[in-house]
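Here are my notebook entries for today.

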Amino acid sequence: MSEPFPSDLIRTEVANLPDYNAGLALDRFKATYGIECLAKLDSNESPLGPSPHAVKAMQDAATGVARYPDAANMHLRGLIARSVGAHPDQVIVGNGSEDLIGALFRAVIRPKDNVVTICPSFGLHEFGALMFGATVTKIPFNDDWSFPTEGLCTALHTKPRVLMFSSPSNPAGPAITEMEFRQVIDVTDPATLICFDEAYVEFIEQSKRFDALQILAEAGQPYIVLRTFSKAYGLAGARVGYGIAGDAQIIKALMKTRNPFGVNAMAAVAAAHALGDTAHLNSVTDLATQERQRVSTALTSKGFQCAPTQTNFVFFDTGGPAHKLAEKLRHKGVLIKAWQEAPFEHWARVTMGSAAENDTFLGAL
Ligand SMILES: *Cc1c(COP(=O)(O)O)cnc(C)c1O
């Protein structure tokens, strides 16, 4: 390029965004490190893969890809609506739930708006807000890793445009209790859109589960609950997530701000079949539940402090800069995610793979 790149072409809000801290795809890992990956534990993917019915459905659908898919995604929305007890008008599907997070910010954020979330946080809960000139208020977890309800309630008094957080939390792992959730919802002003990200809801143990959709529906404030086929359903590469809103007007708005054909024909049928395979889902969540307990115990006995977890991963204090440990582990074929957000640069997140993969991680550590 001979011409200098014009310094004011990219919007300041975009130029100032950090790069997304994504996991390393297997082919990139092999090309970079020259060894086989033995344990890919950096992206919360499922060690058991997707339901075989979902794979078959994608293969069958592949011959039909000359046609555009249904832009309204009525079949999949109907199945999801039935599974959660909502009307299809209250359901939206997206190119991963990340697509829906972006669509939500595009629909509601004005410059100088405020978004409230928790810390450590899921990066995309901040990026989309910052991209449109909003400020983000991050409320840190309590020292015992309980949800910071007091801090959230105080922040909510300022009537932020959006309250967005994940429970169970990525990257920390704990799930908010029903009582804490009710406390937070109670003080939320109707001017605030509640976005409750339940990407790991399928992994919550029975005794800690509650029906957030029902509580939100009864509370009456605008809300959307986000879920995904990427984690427990093992379809991260297919890219399908969904949202359930109280008011169909929210869905109507997000249908305009999302990419219209974002859910491709193969992904849509894969999600539909995955949703019906509860036996496969149960085997995934059973394995994760067993392994998160075993790995947390092993890490603790090695002297690493772990956050409690209701997910398919464990967040632990590496005792030094986490990126250094993660890099050393890569040379042994083990991928984990070093956290980069202050003040958690000593913490890393390790996904629960198969028992053998987790043992490889513990051995390498
Ligand atoms: C993984 C994840 C998502 C979304 O994943 P998609 O693959 O885009 O569906 C959303 N929120 C949280 C908290 C996640 O961990």
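I count a polar contact as a pair of N or O atoms within 3.5 Å; within protein, one must be able to donate a hydrogen and the other to accept it, and residues adjacent in sequence count only if both atoms are side-chain atoms. This is a predicted model, where local features need pLDDT of at least 70, side-chain atom pairs count only at pLDDT 80 or more, and totals for chains, interfaces and linings use all residues. Residues are numbered from 1 along each chain as its sequence is written, and side-chain values use heavy atoms, with hydrogens and water left out.

**Ligand site.** I found a backbone N or O atom of Glu 98 at 3.0 Å from a ligand oxygen atom. For Asn 170, a polar side-chain atom lies 2.7 Å from an oxygen atom of the ligand. In the side chain of Arg 239, an N or O atom is 2.6 Å from a ligand oxygen. The ligand taken alone exposes 380 Å², and the protein buries 96% of that (Shrake-Rupley areas, 1.4 Å probe).

**Nonpolar packing.** I read a nonpolar core as buried Ala, Val, Leu, Ile, Met, Phe, Trp, Tyr and Cys residues joined through side-chain atoms within 4.5 Å, with buried meaning under 20% relative accessible area (1.4 Å probe, protein chains only). The largest has 61 residues, and Trp 145 and Phe 229 are among those with the most contacts inside it. Domain 1 (12-49 + 279-364) and domain 2 (52-276) both contribute residues, so this core lies between them; the bounds come from an automatic or database domain assignment. Apart from it I noted another core of 24 residues, including Val 162 and Cys 195.

Definitions and conventions:
Buried < 20%, exposed > 50% of the residue type's maximum accessible area, 1.4 Å probe, protein only.
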